[in-house]
Amino acid sequence: MLPLSLLTAAQNKPMLVELKNGETLNGLLINCDNFMNITLREVYQTNPDGDRFWKLKECYIRGSTIKYLRVPDNLLDAVKDEQNRTRDANRSSRGGHTGPGRGAPRGGNFLHTI
Amino acid sequence: MSLQGYTDRRVLLVLQDGRAIVGVLVGFDQKSNIVLSDCKERVYSADEGVEEIPLGLYLVKGEMVCLIGEIDEAIDSSADLSTIRAEPIPPIRYG
């Protein structure tokens with residue numbers, strides 16, 4: 001599973017982001033892109049020592065400043081289920097035959113030879 | 001060269017800030033961004049046993065990764081973390 005598919009699936013979910021300078025930001029993920037730039041809403045920010053707090057309505061975080069993101073545990077199963085569903089949907093939409101593979105059965109029908 | 005062989009295995013991840021995290025590798029990409037499930041941080045100390053702190057599901061930026069190694073379950077489960085004393089790994093310093 002790609003890290004970015006997990007992140008996109010985490011939209012509207014709460015998460016904890018630690019930056020490279022040790023600051024942490026707790027909030028709801030609003031949006032993200034392929035650089036892992038993200039916007040959070042209803043954010044609690046703490047300084048690296050964890051002794052000072054700020055409340056932010058919304059903030060934008062440049063992806064390159066992020067150390068890691070902590071996301072809800074149940075997101076993993078949600079993304080796996082979703083991937084299985086789309087895989088199965090693709091399978092059944094492509095042809096959807098359930099018979100013995102491709103090609104005609106060998107021999108038998110001698111009408112072909114007449 | 002790929003992390004593919006490590007997927008769904010328990011691995012040790014050492015970060016540039018010196019943290020050691022164990023967890024199951026469930027995903028990665030070309031930039032070595034890492035998804036770990038059931039993460040626990042192992043906090044080493046010279047005068048106390050190793051403390052394990054549960055962290056849950058983590059997405060770690062590739063730039064922060066120093067090392068990823070597969071854990072030998074047999075050895076790891078037979079080790080008594082509370083008896084292990086070790087200095088923590090210092091963070092990487094630049095310049």
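This is a predicted model: local features need pLDDT of at least 70, side-chain atom pairs count only at pLDDT 80 or more; totals for chains, interfaces and linings use all residues.
Local features need pLDDT of at least 70 and side-chain atom pairs count only at pLDDT 80 or more, while totals for chains, interfaces and linings use all residues. Residues are numbered from 1 along each chain as its sequence is written, chains are lettered from A and ligands numbered from 1 in the order written, and side-chain values use heavy atoms, with hydrogens and water left out.

**Chain A**

Chain A holds two helices and five strands. Both are DSSP runs, numbered from the N terminus: helices are H or I with at least four residues, strands are E with at least two. Along the sequence the pattern reads α-β-β-β-β-β-α. Of its 114 residues, 32% count as buried. Buried means under 20% relative accessible area, exposed means over 50%, and partly exposed lies in between (1.4 Å probe, protein chains only). Chain A exposes about 7800 Å², and carbon and sulfur atoms supply 52% of this area. Accessible areas come from the Shrake-Rupley method with a 1.4 Å probe; for residues, only the protein chains shown count as cover. A contact means heavy atoms within 4.5 Å. Among contacts in chain A with a separation of 6 or more, 43% join residues 24 or more positions apart.

**The sheet**

An open sheet of 10 strands runs through both chains, in the order E4(A)-E3(A)-E2(A)-E1(A)-E5(A)-E4(B)-E3(B)-E2(B)-E1(B)-E5(B). The pairing is antiparallel. Strand E4 (53–61) of chain A and strand E5 (65–70) of chain B stand at the edges; each has a single partner strand, so one side of each lacks a neighbour in the sheet. On average, neighbouring strands are turned by 35 degrees against each other, direction ignored. Such angles are taken between axes, which are lines fitted to C-alpha atoms (for helices over the stretch in contact), and run from 0 to 180 degrees between N-to-C directions. Two strands pair if DSSP finds at least two bridges between them.

| Strand pair | Bridges | Example partners |
|---|---|---|
| E1(A) and E2(A) | five bridges | Pro14(A) and Leu28(A) |
| E5(A) and E4(B) | four bridges | Tyr68(A) and Val60(B) |

Strand E5 (residues 66–71) of chain A is largely enclosed by the rest of the structure, because five of its six residues are buried.

**The interface**

Here 21 residues of chain B contact 22 residues of chain A. The chains bury about 1800 Å² between them, with 61% from carbon and sulfur atoms. Buried area is the accessible area (1.4 Å probe) that two parts lose on being put together, summed over both. Leu57(B), Leu59(B) and Lys61(B) supply 38% of the area that chain B buries against chain A, more than any other three residues.

**Individual residues**

Arg42(B) is found in strand E3 (residues 34–43) of chain B. At 9% relative accessibility, Arg42(B) is buried. Its side chain makes a polar contact of 3.0 Å with that of Asp76(B). A polar contact is a pair of N or O atoms within 3.5 Å; within protein, one must be able to donate a hydrogen and the other to accept it, and residues adjacent in sequence count only if both atoms are side-chain atoms.

Met36(A) has a positive phi, near 70 degrees. This residue lies in the loop between E2 and strand E3 (38–46) of chain A, and is buried at 1% relative accessible area. Asp38(B) also has a positive phi, near 50 degrees. Asp38(B) sits in strand E3 of chain B and is exposed, at 54%.
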